Amino acid sequence: MKAALFVGGWQGHAPTRFADWYRQLLEENGFEVAIHETLEPLERPEDLADLDLITPIWSSARSGHREEFGNMTKLQEDGLLKLIGAGCGLAGWHGHMGDAFRDRPTYHFLIGGQFVAHPPGWPDNLQPKEDYINYDVTICQPDHPLVEGIRSFRITSEQYYMLTDPSNNVLATTTFSGDHLWWIEGTVIPVTWTRRWDKGRVFYCSIGHELDDLKVPQVTEMIRRGAIWAAGGRAALS
């Protein structure tokens, strides 16, 4: 299987460190991995037609996606949509996928959600380290192959409050306490989901602000299975 990682954007999310870790994980699971530090290859989807998996490791910061973060153009977005629609998989995590390219709404339609806050902070009200909450991740489809055998767990990191597509197939959720924003107490937000984009498979997990978050065994296993599942879309068509 062939995978392409698109690595860049806001350096606060340390994209290169994450890419190195993820590349090793994929290679251990039989992938041939290429890393791109530019989005330009997406302008020529015909050159990427043999890919089985794409993972963006790219983030925004603050409210707008400033040009210095390497924004996605309409041509690049169209190339990505074409590749996924034809059967290439898409998989990723946290802000590297869920908070990339904020001014490309079709991209967020593709992935099934958009990050908006991690109480007590949000993009224009940052509360460094205070944003790290000890919270529960609840596996809500324990018999699903992507999470089977993975028990619900607690993690200390950013608890992502996301706007999500109701058509997502949700595998794990988190419930907000209201300790920081009282009016969202009891709100249940998806953490991990799958969805389809025409012939393509999409996987997302909102955990992963620090690389150590992805090294939590339950998270590593969801990321690993999610990538393999997403990449299986093209094989399932052949």
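I begin with glutamate 27, which counts as partly exposed because its relative accessibility is 41%, where partly exposed means between the limits for buried, under 20% relative accessible area, and exposed, over 50% (1.4 Å probe, protein chains only). This is a predicted model, in which local features need pLDDT of at least 70 and side-chain atom pairs count only at pLDDT 80 or more, while totals for chains, interfaces and linings use all residues. Residues are numbered from 1 along each chain as its sequence is written, and side-chain values use heavy atoms, with hydrogens and water left out.

Glutamate 27 has a partner: its side chain meets that of arginine 23 in a salt bridge, at 3.1 Å from N to O. By salt bridge I mean a side-chain nitrogen of Lys or Arg within 4 Å of a carboxyl oxygen of Asp or Glu. Side chains of opposite charge can pair when their charged atoms come close. Both residues belong to helix α1 (residues 15-28), where they are 4 residues apart, about one turn of the helix. Helices (H or I, at least four residues) and strands (E, at least two) are DSSP runs, numbered from the N terminus. Arginine 23, at 32% relative accessible area, is likewise partly exposed.

How many salt bridges does the structure hold? There are 10. Another one joins the side chains of arginine 104 and glutamate 77, at 3.4 Å from N to O. Arginine 104 sits in the loop between α3 (94-98) and α4 (105-111) and glutamate 77 in helix α2 (residues 74-85), so this pair ties together parts 27 residues apart in sequence. Both arginine 104 and glutamate 77 are buried.

Arginine 195 also forms a salt bridge, with aspartate 165, and their closest N and O atoms are 3.3 Å apart. Here, too, distant parts of the chain are linked: arginine 195 is in strand β10 (residues 188-197) and aspartate 165 in the loop between β8 (161-164) and β9, 30 residues apart. Both arginine 195 and aspartate 165 are buried. Finally, Glu221, Arg224 and Arg225 are linked in a network of salt bridges.

I turn now to glutamine 114, in strand β5 (residues 113-117). Is glutamine 114 buried or exposed? Glutamine 114 counts as buried, because its relative accessibility is 15%. Its side chain makes a polar contact of 2.7 Å with that of histidine 108, and another of 3.2 Å with that of aspartate 99. A polar contact is a pair of N or O atoms within 3.5 Å; within protein, one must be able to donate a hydrogen and the other to accept it, and residues adjacent in sequence count only if both atoms are side-chain atoms.

Aspartate 213, in helix α5 (residues 211-214), is buried, with a relative accessible area of 6%. A polar atom of its side chain lies 3.1 Å from the backbone nitrogen of histidine 209.

My last topic is the second largest pocket. A pocket is an open set of points on a 1 Å grid over the protein atoms alone, where a 1.4 Å probe fits, with protein on both sides within 12 Å along at least five of seven lines; lining residues have an atom within 4 Å of a point. The lining comprises 17 residues, and Ile133, Gln159, Thr175, Phe176 and Ser177 lie nearest the centre. β6 gives the most to this lining, with 5 residues.
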